[in-house]
Amino acid sequence: MQIYLPIAEVSVNAFLLLGLGGMVGVLSGMFGVGGGFLMTPLLFFIGIPPAVAVATEANQIVASSFSGVLAHFRRKTVDLRMGTVLLTGGLTGAAVGVLVFNYLKSLGQVDLLVKLCYVVFLGVVGGLMFIESLQALRKARKAGGSPAPSRKQRGWVHALPFKMRFRTSGLYISVIPPLVVGVFVGILSAIMGVGGGFIMVPAMIYILGMPTKVVVGTSLFQIIFVTAFTTMLHATTNYTVDIVLAVLLLVGGVIGAQIGTVIGARMKAEQLRILLAGLVLVVCAKLALDLLLQPTELYSLGAVGGH
């Protein structure tokens with residue numbers, strides 16, 4: 001069933017989009033990520049222009065994250081106070097990110113920037129998470145229990161001023177690190193069309209020392225507002241939000257997120273992290289390959305155009 005996307009100006013199979021939305025929704029519920037880091041490259045692969053993929057995907061993340069957060073609220077695994085601090089930074093970062101995006105779009109460089117950002121960030125984050133998860137699994141086997149990542153974090157984070165108590169996470173730390181993480185994730189959200197969960201989740205575990213169970217719900221809570229804000233900015237300044245595409249991804253995403261939350265609750269934290277790391281690395285490899293293979297096609301197109 002082919003459907004024409006007016007803003008993207010391409011025809012795509014509607015069931016393919018529903019399936020992609022559902023798959024990413026499952027990941028959203030399981031890992032506390034918006035799923036944009038996987039969905040946006042997948043949209044590139046099926047022929048959606050990067051500028052449209054980024055702006056529209058931010059829209060879909062809002063829905064799948066909202067669906068996931070409801071399930072976490074029922075379990076009381078959302079730290080609202082931490083989420084609000086992260087959100088303050090996130091909204092600031094998103095505004096800056098959209099300005100950068102618009103500037104690069106005017107130069108005609110935005111597609112390349114988006115893809116390069118993906119390759120770099122997915123490679124670094126996926127690699128680090130994979131190594132760390134393997135070590136955590138080994139330690140858990142030796143000790144016969146799960147290691148607490150916060151144990152080794154009694155360092156610079158705890159020495160900073162402006163401390164605040166985060167009861168749900170059992171933390172008493174400075175608000176500066178969460179604010180900085182929020183700003184960074186907001187910028188990425190605007191430029192890459194991601195919720196930023198794939199950076200937010202590791203940052204909350206390893207920098208802030210939050211318990212993994214609380215991290216997922218809190219990350220989703222922050223992602224909802226930052227991506228909604230990003231979508232609004234893209235829609236009003238770039239006009240690159242494709243409603244037809246967004247609705248199809250949305251329906252799949254909402255259903256998938258509920259399934260993912262149930263699966264996530266039954267798996268160990270280390271297993272979840274190693275799975276997520278593997279997925280990140282696979283998408284990174286495919287994108288890098290596309291970037292490396294592209295010049296030959298571009299030259300041939302240029303040659304045709306020149307005659």
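**Surface patch**

I started on the outside: Ile243, Val247, Val251, Ile255, Ile259 and Ile263 make up a nonpolar surface patch with about 510 Å² of accessible area together. Patch members need over 30% relative accessible area and no salt bridge, and nonpolar side chains (Val, Leu, Ile, Met, Phe, Trp, Tyr) are joined within 5 Å. A salt bridge would be a Lys or Arg side-chain nitrogen within 4 Å of a carboxyl oxygen of Asp or Glu. Areas come from the Shrake-Rupley method with a 1.4 Å probe, and for residues only the protein chains shown count as cover.

I noted that this is a predicted model, where local features need pLDDT of at least 70 and side-chain atom pairs 80 or more, while totals for chains, interfaces and linings use all residues. Numbering runs from 1 along each chain as its sequence is written, and side-chain values use heavy atoms, without hydrogens or water.

**Helix H10**

Is isoleucine 243 buried or exposed? It counts as exposed because its relative accessibility is 55%; the cut-offs are under 20% for buried and over 50% for exposed, with partly exposed in between. Isoleucine 243 sits in helix H10, residues 243-265. Helices are DSSP runs (H or I) of at least four residues, strands (E) of at least two, numbered from the N terminus. I checked residues 243-265: the span is 100% helix, with end C-alpha atoms 32 Å apart.

Strands S1 (residues 2-5) and S2 (residues 10-13) pair antiparallel over four bridges; pairing takes at least two DSSP bridges. Isoleucine 3 stands opposite valine 12 in S2.

Note on methods:
Patches are made of residues with over 30% relative accessible area and no salt bridge: like charges are joined within 9 Å, nonpolar side chains (Val, Leu, Ile, Met, Phe, Trp, Tyr) within 5 Å. Buried means under 20% relative accessible area, exposed over 50%, partly exposed in between (1.4 Å probe, protein chains only).
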